[in-house]
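User: Could you walk me through reading a few features of this model?

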Amino acid sequence: MAAEPAIPESGPRRHAVRLTPLRVPKSSDVLADELRERILCGDFPEGTALPPERELVKQTRMSRATVREALRILEVQGLVRVKTGRAGGAYVYRPGQDSMADSVSLLIRARQIRIPALLETREAIEPFCAQLAAKHRTDEDLGRLEAANAAMAADGTLEEFLQANVDWHVAVAVAGHNELLTSFMLALSRSIYAATDNQGFVDDDVRRTTLRAHRSVTKAIKAQDPDAARRRMSRHVHSYAEAVMEVEDRTSIEVSEN
């Protein structure tokens, strides 16, 4: 019979292994992740109600507080809307273009992204939007572009002109039928509008130049000429960026001198 190995008098050897702290997710995060995945997969179609709070507690065996916190997470993310009253509950909602545009706008404001970066981004993206619009536009898309041009041509207030300008740029993105680009351009156009000193920049000459450029791009989109649409839009947004930055630089010099 073989002898058992002797154990040192000092006791068994132990490995000096160190464990790092483990991050255990909260129960509410786990439940929110599960419900989010079920919503995005289509198990809960848009407009339908999630199981009542009491039923979720029973099915998941989680506390009422955990279920409520999970629903709050989904509500903040825009995936459910909570209604009160007799027909109350958490109803499934799929975020649309405005939701993404709001998120991008919030990022721009939170990070304090300045006008030069906004203009550079538009120069990089919007010519491609015009190219897509020339490829995929419909008669309805053309109607929106023409309506925005007509509103810009009217002898309206500065605010009306600027809103029509934003409407036109968004309409170009819409005509490309790419939801991501449309949402991004909606946020970008709004942010450029808000960040520009329009009162001291948009005079009658700027109005005429802008409208002429818009009509030129619209004409290329109507003719379904992607190359011309991209080229004309690139020229338009680049000229606009140069003009805005010239005004910004002049204003900065005047402020520093005073």
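**Cavity, confidence and burial**

Analyst: Happy to! The structure holds one cavity of 30 Å³ or more. On a 1 Å grid over the protein atoms alone, a cavity is a set of points where a 1.4 Å probe fits but cannot get out, and lining residues have an atom within 4 Å of a point. This is a predicted model, where local features need pLDDT of at least 70, side-chain atom pairs count only at pLDDT 80 or more, and totals for chains, interfaces and linings use all residues. Residues are numbered from 1 along each chain as its sequence is written, and side-chain values use heavy atoms, with hydrogens and water left out.

User: Which residues lie nearest the centre of the largest cavity?

Analyst: They are L162, N165, I192, Y193 and Y240, out of 15 lining residues. Helix α7 gives the most to this lining, with five residues. The volume is about 130 Å³, taken as the space filled by probe spheres set on the grid points, which are joined across faces, edges and corners.

User: What does the protein chain average in pLDDT?

Analyst: pLDDT is the predictor's confidence in each residue, from 0 to 100. Here the protein chain averages 90, and 92% of the residues score at least 70.

User: Is C129 buried or exposed?

Analyst: Buried means under 20% relative accessible area, exposed over 50%, partly exposed in between (1.4 Å probe, protein chains only). C129 counts as buried because its relative accessibility is 3%, whereas C41, at 52%, counts as exposed.

User: How many disulfides does a search of the whole structure find?

Analyst: A disulfide is a pair of cysteine sulfur atoms within 2.5 Å. The search finds zero.

Notes. On a 1 Å grid over the protein atoms alone, a cavity is a set of points where a 1.4 Å probe fits but cannot get out, and a pocket is an open set with protein on both sides within 12 Å along at least five of seven lines; lining residues have an atom within 4 Å of a point. Helices (H or I, at least four residues) and strands (E, at least two) are DSSP runs, numbered from the N terminus.
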